[in-house]
Amino acid sequence: MIVRGIEHIGLTVSDLPAAEQFFINALGASVLYRIVPSGQPGKQVEGKDMTPLNGFPPEMKVVGLVMMRLGNGCNVELFQIDPGVDDKAANISQAGVNHFSIYVDDINQAGEALRRHGGEMFDGPNPCFAQEEGEGNQTWFCHTPFGVLIELITLPSSLHYDKEATDVRWLPDSTAP
């Protein structure tokens, strides 16, 4: 197979150390490495060096970049840029990537951890519906202090696939390290 799955997601935040601590404290993430240590002049990456690689604006620079491990799913890469960004709260009506979902075993415990560390929880947890409906299947959304929309989800019951489906939904393995 050519495609294995999502290896990491990248998020740009206004305060990298605060976002890093949020992921560590609220979600149990761990720092793998800091490509650009935050607040260290001389370690920054100039935009003009990145423009040909990914279209990054040449007048900007990356002033912080950390790669983190998040449970048994994809990694999270956090960026801080200069000039900075506003922490405008994301919502699912926006174009592009508008949220990511984290599979949890105990949605109430995970939601309380997010709240304790500055997350703004929406109403919930809520039962899943349609093909995701099932005993104990729940979802709950949160705005992080840095404007990212995170969905917590737990799916202990079977999902209902469309008859033409040729594969099943991937879920993180609870037995993996």
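Reader: Which residue stands opposite M121 in β9, and what makes β7 and β9 a pair?
Author: M121 faces C142 there. Two strands count as paired if DSSP finds at least two bridges between them, and β7 (residues 120-121) and β9 have 2, in the antiparallel sense, so they meet that cut-off. The strands themselves are DSSP runs of E with at least two residues, while helices are runs of H or I with at least four, all numbered from the N terminus. This is a predicted model, in which local features need pLDDT of at least 70 and side-chain atom pairs 80 or more, while totals for chains, interfaces and linings use all residues. Residues are numbered from 1 along each chain as its sequence is written, and side-chain values use heavy atoms, without hydrogens or water.

Reader: Which other strands pair with β9?
Author: Strand β8 (residues 126-127) runs antiparallel to β9, joined by 2 bridges, and P127 stands opposite Q138. β10 is also antiparallel to β9, over 6 bridges, with T154 as the partner of Q138. β9 and β10 form a hairpin with 5 residues between them, and G147 in the turn has a positive phi of about 85°.

Reader: Why is N75 called buried?
Author: Buried means under 20% relative accessible area, exposed over 50%, and partly exposed in between, with a 1.4 Å probe and protein chains only. N75 comes out at 11%, so the word applies. This residue is found in strand β5. Beyond its neighbours within four places in sequence, N75 is in contact (heavy atoms within 4.5 Å) with residues including H8, I9, L32 and M67.

Reader: What makes a nonpolar core, and which residues touch the most other members of the largest one?
Author: The term covers buried Ala, Val, Leu, Ile, Met, Phe, Trp, Tyr and Cys residues joined through side-chain atoms within 4.5 Å. The largest core has 28 residues, and those touching the most other members include F23, L27 and F100. Helix α1 gives the most, with 6 residues. A second, separate core of 8 residues includes V36 and F79.

Reader: What makes a pocket, and which residues lie nearest the centre of the largest?
Author: On a 1 Å grid over the protein atoms alone, a pocket is an open set of points where a 1.4 Å probe fits, with protein on both sides within 12 Å along at least five of seven lines; lining residues have an atom within 4 Å of a point. The largest pocket is lined by 47 residues, with C74, F100, S101, I102 and Y103 nearest its centre.
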